[in-house]
Amino acid sequence: MRKAGGGKGRPDLLRARLERGMTQEEAADAVGVAVGTWGRWERSEQGIRPHSRRKIAAVFEAESAEVEQWIEGWALGETSSWPVAEYGDTSTAASVKSAALLWRYEMDESRRHLLATLPFVPSVLAGWLTAWNYGSPPVVIAQRGNRHTVGRTDIDQINEARKVFSSLDDQFGAGLVRPTVVRYLDSTVTPLLRGRYDDRVGAGLMSAAAGLTWLAGWTAFDLNQHGQAQQHFGQALRLAKTGNDPLTGAWVLTTMTLQALHLDQATLAVWLARAGTDTARRAQPSPRVMALMLAREAWATAQQGRAAETHDRHGVKQVERLLVDAERAYAQGTTDSDPAWIARYDEAEFKAQTGRCWSMLGEHRRAADCAEAAVAEFGNRFPRSAQRNRLHMAEAYLEMGELEQSLATARAAIPATKALTSARSVDLIRQFAGRLEPYKGSMMVREFRDHLNHELAA
């Protein structure tokens, strides 16, 4: 991968504006920035924050990957620097080589910067989904490496490391834990993958590596490094395929769904969600796993249909059916067949996800009730989740016209936003502040925005 167009400025961004017949003043006004800011963007004298990139995509009616190319000038797939290729080859040797290369890039300072600025590329998903849905896992997983003989203890250590790292991520956000996760992958997991193991141990090793790679993707997602997250999710999916572990694959797919929802790629989210649901069904999952898959599919379906805006009764009923099925599955409780990762998706998380669906359907009172119940359940255990749901509750109150209650609820989310090392959490509260534009003349809104800006700048 290389930076395209070595000249000064961002000629592709300039070209995109001119093709749409817009002056700098018109583009700046549409995106909501000063004309001087837009000029500095085109001259490449100022960085462009993620929320502004999303606004450019909306105003210019462009895909996020295209906007990233205008801004960053990435010429994808032209050199060997692109860390993922041949996603259809799920042999042990190919999967190990690909994963180890990605983790090594993470440890190289110059390449780490490259990875962190990768755009999210929707077209990559087609290859991964095709390989996942139609590819066959290798008949032989065993590897006869000349290094360490891998055993069950090694696999258990990787799984325990993921639990510890995940707990730290839940408490403090991704910025604290991500460097440790990728270092562990490179220094500990890579030598094990290159070691000596039989088919049974190899399958467990691939699943454990997939789970920790999932966490590397998740933490990149929380830092708004979406192309980097996408790469790790793809590697996790590939490792799960190599280990013939459909449940871990379903877990990765439903997390990729969440990323697509966050990026407002609703159609992609539906594809990923349905792939996750279908994968889980084929694996005869526990009820809790099925509840998660159905709830996430309902959310994606609701966001794609935007029934609250279109008043599409068919779409509403489709989402409601998925929610009913999810609630029935969840009510069956836990079982001995629950995978370890499903424990994080407890009642609070389930309420949070159903609340997002009701919000998309225009049922804002139900959405607020779900978010409030989720916040009470999360408490101090999961401050990032509590922060996110306070903001969802605030949005629901705003939609109901309860401005004072909305602002009070959002204000309560500010301390956690400051404490977390989570770019996504900052984005969410900034987005809420942006929703207040119709009320900008209100003294309460001006005070809230001033307080937010002061606290985040402190």
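**Reading the terms**

Modeller: T254 is a buried residue, with a relative accessible area of 2%, and its place is in helix α13, residues 246-262. This is a predicted model, in which local features need pLDDT of at least 70 and side-chain atom pairs count only at pLDDT 80 or more, while totals for chains, interfaces and linings use all residues. Residues are numbered from 1 along each chain as its sequence is written, and side-chain values use heavy atoms, with hydrogens and water left out.

Biologist: Why is T254 called buried?

Modeller: Buried means under 20% relative accessible area, exposed means over 50%, and partly exposed lies in between, with a 1.4 Å probe and protein chains only; T254 has 2%, and is therefore buried. Leaving aside neighbours within four places in sequence, T254 is in contact (heavy atoms within 4.5 Å) with L292, M293 and R296.

Biologist: What makes Q259 buried or exposed?

Modeller: Q259, which also lies in helix α13, has 2% relative accessibility and so counts as buried. Not counting residues up to four places away in sequence, Q259 touches F120, F221, H226, A229, Q230 and F233.

Biologist: Why does L176 count as partly exposed?

Modeller: L176 has a relative accessibility of 48%, and therefore counts as partly exposed. The place of L176 is in helix α10, residues 174-193, and together with V164, L168 and F172 this residue forms a nonpolar patch on the surface, with about 340 Å² of accessible area in total. Helix α9, residues 152-172, gives the largest share of that patch, 3 residues.

Biologist: How do you know that the buried residues of α2 are on the same side?

Modeller: The buried residues of helix α2, residues 24-31, are A27, A28 and V31. They cover an arc of only 95° around the axis, so they are on the same side of α2, the arc being that of the directions from the helix axis to the C-beta atoms. On the other side of α2, E25 and D29 are exposed.

Biologist: What is the pLDDT of the protein on average, and where does it stay under 50?

Modeller: The pLDDT, which is the predictor's confidence in each residue from 0 to 100, averages 89 for the protein, and 92% of the residues score at least 70. Over residues 1-7, however, pLDDT stays under 50, and over residues 74-85 it is below 50 as well. Where pLDDT is low, the predicted coordinates should not be read in detail.

Conventions
Patches are made of residues with over 30% relative accessible area and no salt bridge: like charges are joined within 9 Å, nonpolar side chains (Val, Leu, Ile, Met, Phe, Trp, Tyr) within 5 Å. Accessible areas come from the Shrake-Rupley method with a 1.4 Å probe; for residues, only the protein chains shown count as cover. A salt bridge is a side-chain nitrogen of Lys or Arg within 4 Å of a carboxyl oxygen of Asp or Glu. Helices (H or I, at least four residues) and strands (E, at least two) are DSSP runs, numbered from the N terminus.
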